[in-house]
Amino acid sequence: MSSARFIAVLGFALLAGPAFAQADKVVAKVDGIAITEKDIQLASEDLGERLAQLPEERKRDEVINYLVDLKLGAKAAADAKIGDTPDFAARLAYYREKVLLDEYLTREGKKAVTAEAAKKLFDDTTKAMTPEEEAHARHILVEDEAQAKAAVERLKKGEDFAKVASELSKDPGSGKEGGDLGWFTKDRMVPEFAEAAFKLKKGEISEPVKSQFGWHVIKLEDKRSKPLPDFAAVKPQIDQYLERKAQQDLVLAMREKAKVERLDKPAADAAKPAEPKKN
C-alpha cells in the first residue's frame, strides 16, 4: 500500500471511528443481550408515527422498552427453532430484498435532490403558471334584502364599514373581524359573491347580493395578481418530488431492461396489455 493510500485510509478511520463507536455504544442490556445506540436509531425509524404521538422526554424510554421486548421475543423464538423453518427462511429472504430495495431507492433518490435541480423545477413550474387575480374584501351578511339595504344606507351616510359589519353581520367567521375576508380567488367564493366582488373597484361598496347563505354587502379593499409561491417555502415539497420521481424512473428503467416471464398464465395472455379500469 502506498504511503498516500495508507494516510487516506488512516484519516478515514480517525474520522469514522468516533461515529462507529457512538453507534455501537451499549445503552442497556436484557439477560445479557446488548441494546446499542444503533438499535435505538433503527427502532425509532421503524416505530415512526407511534413515537410521534409521544412527548420528547418519553420517546427514548419507549424505544428502549420496545427493544427489550424485541430482544426477549427474538431469543424465545430462536430457542423455539422458529428460525429453522422453511417459512421463516422465505420471509427472511423476502424482507432482506425489501430492505435492500428501500435502501437502494433512498440512496439513489437523494442523488437527484440538488439545489440546482430544485431551482430549475421551481423556475420551470412558475413560468408556466398563469397569474391569478385575488381580491381583498369585507362583507356584511344578513338574512334578508331589507336588512342589506338598511346596511347600505348606513354606509352611504359615512359609517365605517368594519363597525357596521361588527354590529350586523351574521357571518361567524368574519363578523367579529369587521367583515374582513382577507385575500381570496374567485373559486373560493360562491359564484354570486365572487362575480360581484371582482366587478368592484378599490374602495367601492356593492348593492345587496343574494347567495345561498343570505344577503351580502361587499366592500372591495384591493385587488392584485396572486403572488407566486416563495421558493424557500415550497423547497421541501420540491425535494420530495425530485426524490420520488428519481426513484420511480429508476424502477421503471430496471423493469424496462429486465426480461419478465409470467409462468402462471399462458404466454398469449401475458403479452396482452392490461385493459383500462372502468369508472
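Which residues in α2 meet which residues in α4? On the α2 side these are E37, D39, I40, A43, S44, D46 and L47, and they meet R60, V63, I64, Y66, L67 and K71 in α4 (contact means heavy atoms within 4.5 Å). Seven of the residues in this contact are nonpolar, one is polar and five are charged (Ala, Val, Leu, Ile, Met, Phe, Trp, Tyr, Cys and Pro count as nonpolar, Asp, Glu, Lys and Arg as charged, and the others, Gly among them, as polar).

The model is a predicted one, with local features needing pLDDT of at least 70 and side-chain atom pairs counting only at pLDDT 80 or more, while totals for chains, interfaces and linings use all residues. Residues are numbered from 1 along each chain as its sequence is written, and side-chain values use heavy atoms, with hydrogens and water left out.

As for the helix pair, α2 spans residues 37-47 and α4 residues 56-79, and they pack at about 100 degrees with axes 10 Å apart. The two are therefore roughly perpendicular (65 to 115 degrees).

Turning to the strands, A34 sits in β2, residues 33-36. A34 is partly exposed at 29% relative accessibility (buried means under 20% relative accessible area, exposed over 50%, partly exposed in between, with a 1.4 Å probe and protein chains only). Leaving out residues up to four places away in sequence, A34 touches V26, A28, K29, D39 and K71.

H136 belongs to strand β3, residues 133-142, and is buried, at 19% relative accessible area. Its side chain makes a polar contact of 2.9 Å with that of D180 (a pair of N or O atoms within 3.5 Å, one able to donate a hydrogen and the other to accept it).

Conventions:
Helix = DSSP H or I, 4+ residues; strand = E, 2+ residues; numbered from the N terminus. Axes fitted to C-alpha atoms, helices over the stretch in contact; angles between N-to-C directions. Parallel < 35°, antiparallel > 145°, perpendicular 65-115°, else oblique.
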